[in-house]
Amino acid sequence: MKKTIISCAVTGSIHTPSMSPHLPVTAEQIAESAIGAAEAGAAILHLHARVPDTGAPSQDPAHHAAFLSRIRTATDAIVNITTGGGLGMSMDARIAPALKYAPELASLNMGSFNFNISAAEKGCRDPQPWEVDYLRGTRDLIMSNTFSQIETVLTRLSAQGTRFEFECYDTGHLYNLAHFADRGLVKPPFFVQAIFGVTGAQGTDPENLMHMRATAQRLFGSDHLLSVLGAGRSQFPLVTMGAILGGHVRVGLEDNLYIARGQLAESNARMVAKVRRILEELGHEIATPDEARRMLGTKGAGEVAF
């Protein structure tokens, strides 16, 4: 059994500040939370930024700069900068931080789809006006990731040595990845993040995970690493199932705010510690950042621009 990579998605752009007092918002909070997750066993830190005063999603490279160097100084974890950004942002805005800072990894959504998180409004407690508008606006939102957009991201970021976390919200997204692989625009190993539970894409049924896994194996064989992300309450059951099937796992406050039923997670570190405990009880060894680098073929921490 290969070692299992734990990714931690630290803050994201889905949950809003009024949903949990533990959601990292300021650069100091994001850095502290990311470092804690790495110390708990996360080999990869998937990072978004926020506007410090409001907690709104931000792809301003200056907001990323405020925490990137601190994270790199304090930990050897692989930094993964989002190109998903905040919902409704242009692709130019979404890729700006990754272009500027040339991380080892960047996330890349592999297809356009409806992305509806309006139901999350019920979790808000005394929200700021922007939170309500942001969430309700997703009832009429298509997350745009056209073939042209994907090719642009692949070309521009690959030129600086950045590799990708290919975020696949449906089986068709695996075929999109295969299309770019066939054209030679991406090279293995492919780090495939299978995502379940976003309204507008595939649900969290275990059968969907089995189908995604079988399809990825058929398309990519030994040239890929499959990681699993379950949104909300399905997070820990689905990632555990994925690990039992030989895959890797992603947890964190971007994907789920709760550590147990009705209990808000106080930190990303607690979520990483929980999944690590589950995996180790099942006999899995947890990959270190350097082991993850070798498995994913990244350029190394010394080649980033932050």
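The following dialogue examines how several terms apply to this predicted model.

Tutor: Residues are numbered from 1 along each chain as its sequence is written, and side-chain values use heavy atoms, without hydrogens or water. In this predicted model, local features need pLDDT of at least 70 and side-chain atom pairs count only at pLDDT 80 or more, while totals for chains, interfaces and linings use all residues.

Student: What makes F113 and F115 an aromatic pair, and why is the pair called tilted?

Tutor: Rings of Phe, Tyr and Trp (its six-membered ring) pair if their centres lie within 6.5 Å; planes under 30 degrees apart count as stacked, over 60 as edge-to-face and the rest as tilted. By this rule the count comes to eight aromatic pairs. For F113 and F115 the centres are 5.5 Å apart and the planes 40° apart, hence a tilted pair.

Student: Why is the pair of W130 and Y134 called edge-to-face?

Tutor: The ring centres of W130 and Y134 are 5.7 Å apart and the planes stand at 65°, so the pair is edge-to-face. W130 and Y134 are four residues apart in helix 4 (residues 129–136), which means a separation of about one helical turn. Helices (H or I, at least four residues) and strands (E, at least two) are DSSP runs, numbered from the N terminus.

Student: How do you know whether F113, F115 and Y134 are buried or exposed?

Tutor: Buried means under 20% relative accessible area, exposed over 50%, and partly exposed in between (1.4 Å probe, protein chains only). F113 has 7% relative accessibility and so counts as buried. F115, at 3%, is buried, and Y134, at 15%, is buried as well. Helix 4 has W130, E131, V132, Y134 and L135 as buried residues, and the buried residues of this helix pack against strand 4 (57–58).

Student: How do you know that the charged end of K274 sits over the ring of F236?

Tutor: A charge sits over a ring if NZ of Lys or CZ of Arg is within 6 Å of the ring centre and within 35 degrees of the ring normal. The charged end of K274 is 4.4 Å from the centre of the F236 ring and is counted as sitting over that ring.

Student: Why are helix 8 and helix 9 called oblique to each other?

Tutor: Axes are lines fitted to C-alpha atoms, for helices over the stretch in contact, with angles from 0 to 180 degrees between N-to-C directions. Angles under 35 degrees count as roughly parallel, over 145 as roughly antiparallel, 65 to 115 as roughly perpendicular and the rest as oblique. The axes of helix 8 (residues 235–244) and helix 9 (residues 268–281) come within 11 Å and cross at roughly 40°, and the two helices are therefore oblique.

Conventions
Contact = heavy atoms within 4.5 Å.
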